[in-house]
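Please read the points below with the sequence and the model at hand.

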Amino acid sequence: MKALIKTKRGKGNVELVDNYPEPQIADHEVLLKVKAIGMCGTDYHIYTDEFPSNPPVLLGHEFSGVVVKRGSKVQGFSEGTRVVSELSVKACGTCVYCKTGNAHICPQKTSPGHGIDGACADYIKMPYHLLHQVPDTVSDEEAALVEPSAIVVHALLERTRVNVGDFVVIMGPGPVGLLALQMAKIAGAGKIMVVGTTADEEVRLPLAKKLGADYVVNCQKEDPLQLVQELTGGLGVDLVVEGAGAVSAINMGIEMLRKHGKMCVIGIPGEEYIQVKWKTSVFKAIQVIFSYSSSSTSWDLVLKMLEKKVLDVKSLISYKAKLEEWEEIFRKVSEGKVIKAVLEP
Ligand SMILES: [Zn+2]
Ligand SMILES: [Zn+2]
């Protein structure tokens, strides 16, 4: 089958081949024909080798597919069922995390797309207990974006919680930021500000406005901190969503928060150590909530939001292409020219 492979560690080393063997399913697994694959920053960072991978391995962790073959022990999910799949493959099921519904942080977990073979291919195999059926009213392309949406739901609605009426600031209008904006609205936020840079002015900030942001700010032209002071009478905001992973954004977020304010951290910085305004954080007694990956319940919630049409992921898909165009896509992702690209095998 056709497959996009990271052949070995190091910068680059990605190639599209025609003759990759089809996955062989075990009793508890299903074979999925891949329908749509979302490309994200992580895929690009696997390409540049800034994100760890276990080559040779197929890329692609945001996907939707249809069941074409079932192992003998699979329950439900008959052939032809359209599905998405959580990524907690090989989670042990017995550790403290697995037993408390947090298989996504199990130390044994291995994810498709970098740890084991991913979805940038004609077929992928998955254990059936990780599958979620896709509602008829949700397209394959939309379903490919359930995974990044679930990350944001887990961070913002499960771990952090947005209170009705909260003033929320979102740092970074990338896919995560644009999803966070919508989640904050769904949760009843009072006012929402999205902060970006000049590079975001053409596409991302206008889309943030369209998706319901009350204020969009280019921080290279206007001081978001000053605007926050004006809009809150000097008090500061209730919640900052850090989706950029940039030190300057983290510190600006700390400055913007009111006392007892909350910061929800989804962005991953490049370095292990970064300089943050620790003393200011102590004096304000802010709460910093880190979040990583997505819970099973967050997948259910996203699928319900898509079915009820309260979450718009369609507007985020700014580029559709075939797998053959992967190099072009990676270039566009690296330049920030597309919000989300969706590929078809
Ligand atoms: Zn991703
Ligand atoms: Zn476990």
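**Notes on a pocket, a helix pair and an annotated span**

1. Strand β7 (residues 123–127) supplies five residues to the lining of the second largest pocket, the largest share of that lining. The model under discussion is a predicted one.

2. The second largest pocket holds about 240 Å³ of space. Its lining comprises 17 residues, and those closest to the centre of the pocket are P23, I116, D117, I124 and K125. By class, the lining of this pocket consists of eleven nonpolar residues, five charged and one polar.

3. A separate point concerns the packing of two helices. Helix α4 (residues 146–160) packs with helix α10 (residues 296–307) at an angle of about 110°, and their axes are 8 Å apart. Helix α4 is therefore roughly perpendicular to α10, given that angles of 65 to 115 degrees count as such.

4. Which residues form the contact between α4 and α10? From α4 come V146, E147, S149, A150, V153, H154, L157 and E158; they meet T297, S298, W299, L301, V302, L303, M305 and L306 of α10. Sorted by class, this contact of α4 with α10 has ten nonpolar, four polar and two charged residues.

5. As to annotation, UniProt lists residues 10–343 as "domain: Enoyl reductase (ER)", in an unreviewed entry. In the model, the span of residues 10–343 is 28% helix and 25% strand, and its end C-alpha atoms lie 24 Å apart.

Methods
Residues are numbered from 1 along each chain as its sequence is written. Chains are lettered from A and ligands numbered from 1 in the order in which they are written. This is a predicted model: local features need pLDDT of at least 70, side-chain atom pairs count only at pLDDT 80 or more; totals for chains, interfaces and linings use all residues. Side-chain values use heavy atoms; hydrogens and water are left out. Axes are lines fitted to C-alpha atoms, for helices over the stretch in contact, and angles run from 0 to 180 degrees between N-to-C directions. Helices (H or I, at least four residues) and strands (E, at least two) are DSSP runs, numbered from the N terminus. Angles under 35 degrees count as roughly parallel, over 145 as roughly antiparallel, 65 to 115 as roughly perpendicular and the rest as oblique. Contact means heavy atoms within 4.5 Å. Ala, Val, Leu, Ile, Met, Phe, Trp, Tyr, Cys and Pro count as nonpolar, Asp, Glu, Lys and Arg as charged, and the others, Gly among them, as polar. On a 1 Å grid over the protein atoms alone, a cavity is a set of points where a 1.4 Å probe fits but cannot get out, and a pocket is an open set with protein on both sides within 12 Å along at least five of seven lines; lining residues have an atom within 4 Å of a point. Grid points are joined across faces, edges and corners, and a volume is the space filled by probe spheres set on the points. UniProt positions are given in the numbering used here, feature names are shortened, and annotations may be inferred rather than shown by experiment.
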